Amino acid sequence: MLKDITIGQYFPGDSLIHRLDPRFKIVITLIFIIMLFTGGSFVCLAIGAVYTLIAVLLSKIPVKMFIKSVKPIMPFLLITAVLNLFLVSTGDVLWKWKFIKITSDGIDISAFMMFRIILLITGTSLLTYTTSPITLTDAIERLLSPLKKLKFPVHELAMMMSIALRFIPTLIEETDKIMSAQKARGAEIDTGSFMTRARNLVSILIPLFISSFRRADELATAMECRCYHGGEGRTRLRQLKSAPRDIAALAVTLLFFGAVITVGILLK
Amino acid sequence: MAILETQELTYTYSIGSPFEKTAVDHVSLKIEEGQMIGVMGHTGSGKSTLIQHFNGLLRPTSGKILLDGKDIWEDKNNIRNVRFQVGLVFQYPEYQIFEETVYKDIAFGPKNMGLDDNEIKRRVLETANDIGLSEELMERSPFDLSGGQKRRVAIAGVMAMEPKVLILDEPTAGLDPAGRDKILEHIKKYHERTKNTILIVSHSMEDIASFADKILVMNKAKLFCYDDTVNVFARADEISKIGLDVPQITKVFGELKKRGLDFGKEVFTVGYAKDLLIRRLKEREVR
Amino acid sequence: MKNIIEIKDLHFYYEPNDGDPLPEDVLKGVYLKIKEGEFVAILGHNGCGKSTLAKHLNGILVPTDGKVIVDGIDTSDESKLFELRQTAGMVFQNPDNQIVSSIVEEDVAFALENLGVPYEEMRKRVDDALKAVNMYEYRMHSPSQLSGGQKQRVAIAGVIAMQPKCIILDEPTAMLDPQGRKEVLAAIHRMNREMGITIVLITHYMDEAAACDRVVVMDKGDIVLDDVPEKVFSKVEKLKEIGLDVPQVTELAWELRKAGYDISPEIITEEECVEAIQKLFS
């Protein structure tokens, strides 16, 4: 059932990683991504792997959750690996059949790419696993707030994001209900020909749209009643305060980043 | 013979997850043909889960549901047919309306049954009449109607499938007293014409008292009781203990009994209370 | 005591589309005064104009003609709109469609954030409001984990946090189960009793109206009855004629009276009914 889908994939907890300031977490994740892409050798990735492993262990989130996060992109990963394997033609030829050949460089590069993408996914999952979507939105709003000076609607975008997050569970529940109601009137949604299914989809989408508009309308009135007038002069209940641990985490990350760059230069 | 029967019906949500919960726990009951049954139970008692089993929207974790003596899950491909025979009207059914005319929306179910146009027309007009929608409304957009009318269009949409069993989940929720009375009255009218079995879920025991032959009460996933209306009201005390509302008038007569004024009868409608009191007062005058 | 709400000859219709004829008034010259600290129920069937009236009390709608004054503020005065909305808070029927945030306490803080209340004070007001509706322990929950009654109490807390003098509730219990209704009503009565907040409760549940200080009955855009609940409900015929109910005990007393028995027509509680019947048989 639709209800069983978890959105945002947030795992509430109280680990060191959970408690980090979300703004720092976003910045750290960005540095981590840059680190992975500047490191051009296996040694660099090994350093990245150590870093990721420490972070994963500190988060106290079961390792199998990270394996799960990599799973959906596995086909994509394999295709990239296979393409690299066959298309790279430099290096020692290890195996050859007609015009297809596998070279040592091919193996190196495809293994390297897979390694890098797995680290990338694990690291970014760590961000979403340990930070609730609403906190994330909030942090993004604050990180982007300098853009307000350029008339970029930072607050409005964040508000839209957080309202969307708020209503996702409501709309999923509603979709579930409408689907059941139409099924009870004999609409075939999981079976039947493509055409009947498409027609029956309309019987779900129209009520869903209508009710979403009604909700939006009522919500707008309710927000007005509570004096909403855009981002100007707003104060916030949620206070983001950076603690020494945030600085420490950033420092450690920069240290690893430095190590990756140094190793990269030394190996050249 | 019972038209609907459940045998040790059990349903557990999200098995194996931390949210695992048994919503219906070994419920066995038989629903006789042609009766009007009131279904009660507070939110989370399992009543909504139970009724979604009756038309095969949910499949039991264990146990069976028999329709006309036949296990509805015996042939999985037949389940759509079961949905035509056991019609289910959800809460706030007006939110499922989607066609551009009232006629088309009521006709959606019959059309899915594959009926021919003449039969569809007969059914749509007949149920529209039962539920009190006049013929000139048929070509109007359902979205221009009042809330109560929309609700009746949605109910007619299920009735038009002419199901042997019609189940309505809180058909009067959110309506004002006049709208509520009108809907109940029209459902009764439909019942009189078709003699079909009807189950109505309601929080209002006052409403249930006005139509039900039998009452089914769910509590904490289990069948609390399923008995004739009079017998269920005789247990008013127990029923208010599990958090359900007993009609005000029943409470008054319960209190009178405690104070030594016992009328020896279960009272659950104002009309009956009035007749009973006047009869007793007259008897006293004679003496 | 002074009037917190004063409505004078209020007329209202929704602006028609270009070219359409002028529609009939939804409100046809309503006069109403509500005293500070009063608990008033507004009864009426769907479409009688009671929700439209409610929306005038905090300036969501402004009169086509006539005046609405709330705590000295003319609701047509746009410069005082925020002041008005802090004075008169609104709670709506559907609890889902008035909760803005994914975290309970942040939703309660929403109005205060908009008003730019400093953090320390906001924290205190949010906590107090949540405690007042018994939802403090749920402050970090997501609204989707709450029952209807709990969500509605969160919505009420969001209004209380503004420290309003008056709260208008538009059928706040219509979508709730009996348990949720009880919780919400208990919270509303507490607001009135303990904080002295004026309550305008729009409802079509007669038992809710019976527990108020005063009942105003509307029909076809105007007020037709306005009195204490005992007096209003004793007009059984009038109420039935406009499609409303009376409590079962009132109806029983009325029926017995019609049959010629000496019983008060002003019975609205079970206790009063029990005693009256005992008296008949004594």
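**Where A meets C.** I started with the contact between two chains: 26 residues of chain A are in contact with 31 residues of chain C (in contact means that C-beta atoms, placed from the backbone, lie within 7 Å). On the chain A side, helix 8 (154–184) and helix 9 (194–225) each supply at least two residues. Helix 9 of chain A gives the largest share, eight residues. Sorting that side of chain A by class, I get eleven nonpolar, seven polar and eight charged residues (Ala, Val, Leu, Ile, Met, Phe, Trp, Tyr, Cys and Pro count as nonpolar, Asp, Glu, Lys and Arg as charged, and the others, Gly among them, as polar).

**Ground rules.** I noted that this is a predicted model, where local features need pLDDT of at least 70 and side-chain atom pairs count only at pLDDT 80 or more, while totals for chains, interfaces and linings use all residues. Residues are numbered from 1 along each chain as its sequence is written, and chains are lettered from A and ligands numbered from 1 in the order in which they are written. Helices (H or I, at least four residues) and strands (E, at least two) are DSSP runs, numbered from the N terminus.

**The sheet in C.** Next I looked at an open sheet of four strands in chain C, with order 2-1-4-5 and antiparallel pairing (strands pair if DSSP finds at least two bridges between them). Strand 2 (27–35) and strand 5 (73–74) of chain C are at the edges with a single partner strand each, so one side of each has no neighbour in the sheet. Strand 1 (residues 3–12) of chain C runs antiparallel to strand 2 of chain C, and seven bridges join them. I picked out one partner pair there: Leu10(C) with Val30(C).

**Helix 3 of C.** Is helix 3 (residues 104–114) of chain C mostly covered or mostly open? Mostly covered: eleven of its eleven residues are buried (20 or more other C-beta atoms within 10 Å of a residue's own, C-beta atoms being placed from the backbone; 12 or fewer is exposed, in between partly exposed). Among them are Val104(C), Phe110(C) and Asn114(C). The cover includes helix 4 (119–132) and helix 5 (148–160) of chain C. After helix 3 of chain C I found Gly116(C), with a positive phi near 70°.

**Two helices in B.** Last, I checked which residues of helix 4 of chain B meet helix 5 of chain B: Thr127(B), Ala128(B), Asp130(B) and Ile131(B) meet Arg152(B), Ile155(B), Ala156(B) and Met159(B). By class, that contact has five nonpolar, one polar and two charged residues.
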